[in-house]
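Me: I've got a model open and I'd like to learn how to read it. Can we go through it feature by feature?

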Amino acid sequence: MKRNMNLSLLLFLFFLVTFTIISVEARNHPIKKTKPHKHLKDKSGNGDTRDSNFPGPAPAPLPHHGSYPPPSSIFNILSFGAKGDGVSDDSEALLAAWKAACKFPGATIEIPSEFNFLIKPITLQGPCMPPLVLQIDGILLAPPKVGSWPKSSLFQWINFKWVQNFTIQGTGTVDGQGFNWWSMSQIPYIQKSKHIPDIKPTALRFYSSNDVTVRDIKIIDSPQCHLKFDSSRGVKVSKITISSPEDSLNTDGIHLQNTQDVEIEHSNIGCGDDCVSIQTGCSNVHVHQINCGPGHGISLGGLGKDKSVACVSNIIVENISIQNTLSGVRIKTWQGGIGSVKNVSFTNIQVSDVKVPVIIDQFYCDKGFCKNQTGAVAISGVKFDQIVGTYSVQPIHLACSNDIPCTDIDLIDIQLKPSPRYRGFQQGLCWNTYGKSRAPLVPSSIDYCLINNRGTVKRIARSHDNVC
């Protein structure tokens, strides 16, 4: 017993001495507090970031206005060296902002208001991380001198290629400065210099792109087409304004080619050619609530040029106001083409002082003389319904091919009266057109315009569907 007590006392003394030594050592060598590390990037641009999964914007020159880089997902073109004075070339700054934003999910490229940015021909290419927004609140200016455009860049000014889930929006303006191009187009051919190009650029072009929205912006004075979609799908154009003078040749408002699933709505379009032009390869297109004029109206075609194949289907054009235009709603095809136009409706079209409000022309020719050819793009299943207003030359012009007549054409509630500037014919022209009409019809001669459908004629028209 006594022995156990001595052992316990020894253990207690051992622990007491050990604790005393440790305490002394701690006082003599205190622990230093470490300072937090700063997040420094190395020369390669890698470093500590809040989320290493998403790359940040590419290195860029210091901004001219403000001393900080773009916050979060906003890529302001000024932060990439743009001057915005309307004279300096800001193309490289736009391209740098695009490339940086392209890598960042949910990015917005900002063209700020109160600045004018001179942009030379440029291609902004995807694919990019979606969604991507180009916010145009300022003014983009095309080069005004024809001679300053490279020969390799005459097809378009700003070209968007392979983009998806992409939006252009804002309160700004895209200005094509096309005055010099139009004036040269009016010079007689024999007087033109060999330095004047035959091709004129489109202002904004989309190629092979999907799920694209263009809204709210203004596009003005393009050398040729203002807005073009080529080989694209899932397009929406809403609440935009397109404007160029009536005498600006070939300046289509919106041009569609080989593009499907399109909606164009609530926009004002005035130009020197078609307000909306729908070309071969287009289907499932809905155009509505559009104010059109001046210009050439809303057109399908010209289709089948140089004996080419043309396929257009499922087109709805409705609730349209057209003023002071060459035509209202029309389908135009070249002689000798093949293919088909089918399932097209023009409904609730208000026309005012339009030269010819309703047109199907299978003898289309844009020059002084075109050689007569056999064959034509077959036109079937077209409805003209509630076409109301005034005309200045002729109420209706239906000129269908001798070989391939138009079939299943409906004329319903057509009420067209001469305008105060009327200088034409009250009787319409109708040739080789099969279908049915329904009152009211003004002038009354429209009631005799169509031939009752015949089965053999329908079979001829259907045979052209096989190529589409």
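This is a predicted model: local features need pLDDT of at least 70, side-chain atom pairs count only at pLDDT 80 or more; totals for chains, interfaces and linings use all residues.

Me: Is F80 buried or exposed?

Reply: Buried is the label for anything under 20% relative accessible area. F80 comes in at 5%, so it counts as buried.

Me: Let's zoom out. How many helices and strands are there in the protein?

Reply: You'll find 4 helices and 30 strands. Of the 468 residues, 47% count as buried. Take the contacts between residues at least 6 apart in sequence: 75% of them join residues at least 24 apart.

Me: And the core? Which residues touch the most other members of the largest nonpolar core?

Reply: The general idea goes like this: in soluble globular proteins, nonpolar side chains tend to be buried together. Here the largest nonpolar core has 103 residues, and F160, F346 and F384 touch the most other members. Helix α2 (residues 91-102) is the top contributor, giving 7 residues. If you click on F384, you'll see that it touches, among others, V329, F346, V358, I360 and L411, leaving aside residues up to four places away in sequence.

Me: Which residues of α2 are buried?

Reply: S91, A93, L94, A97, W98, A100, A101 and C102.

Me: Now the rings. How many aromatic pairs does a search of the whole structure find?

Reply: It finds 14. To read one, look at the distance between ring centres and the angle between planes; over 60 degrees is edge-to-face. F179 and W182 have centres 4.9 Å apart and planes at 65 degrees, so this pair is edge-to-face. Both are in helix α3 (residues 179-185), 3 residues apart, or about one turn of the helix. F179 is partly exposed because its relative accessibility is 49%, whereas W182 is buried at 4%.

Me: What about W334 and Y364, how far apart are they centre to centre?

Reply: Their centres are 5.2 Å apart, with 85 degrees between the planes, which is edge-to-face again. W334 sits in the loop between β23 (327-333) and β24 (338-354), and Y364 in the loop between β25 (356-361) and β26 (378-391), so the pair ties together parts 30 residues apart in sequence. Both of these residues are buried.

Me: Which residues form one aromatic cluster?

Reply: W98, F160, F166, F206 and F229 do. You've met F160 already, as one of the core residues touching the most other members. Rings can also have a charge over them: the charged end of K161 sits over the ring of W162, 4.4 Å from its centre.

Me: Last one: do β9 and β12 run parallel or antiparallel?

Reply: For strand pairs, look at the direction and then at which residues face each other. Strand β9 (residues 164-169) and strand β12 (residues 210-215) run parallel, joined by 4 bridges, and T167 stands opposite T213. β12 also pairs with strand β15 (residues 233-238) in the parallel sense, over 5 bridges. There, R215 stands opposite S238.

Terms used:
Residues are numbered from 1 along each chain as its sequence is written. Side-chain values use heavy atoms; hydrogens and water are left out. A nonpolar core is a set of buried Ala, Val, Leu, Ile, Met, Phe, Trp, Tyr and Cys residues joined through side-chain atoms within 4.5 Å. Buried means under 20% relative accessible area, exposed over 50%, partly exposed in between (1.4 Å probe, protein chains only). Helices (H or I, at least four residues) and strands (E, at least two) are DSSP runs, numbered from the N terminus. Contact means heavy atoms within 4.5 Å. Rings of Phe, Tyr and Trp (its six-membered ring) pair if their centres lie within 6.5 Å; planes under 30 degrees apart count as stacked, over 60 as edge-to-face and the rest as tilted. A charge sits over a ring if NZ of Lys or CZ of Arg is within 6 Å of the ring centre and within 35 degrees of the ring normal. Two strands pair if DSSP finds at least two bridges between them.
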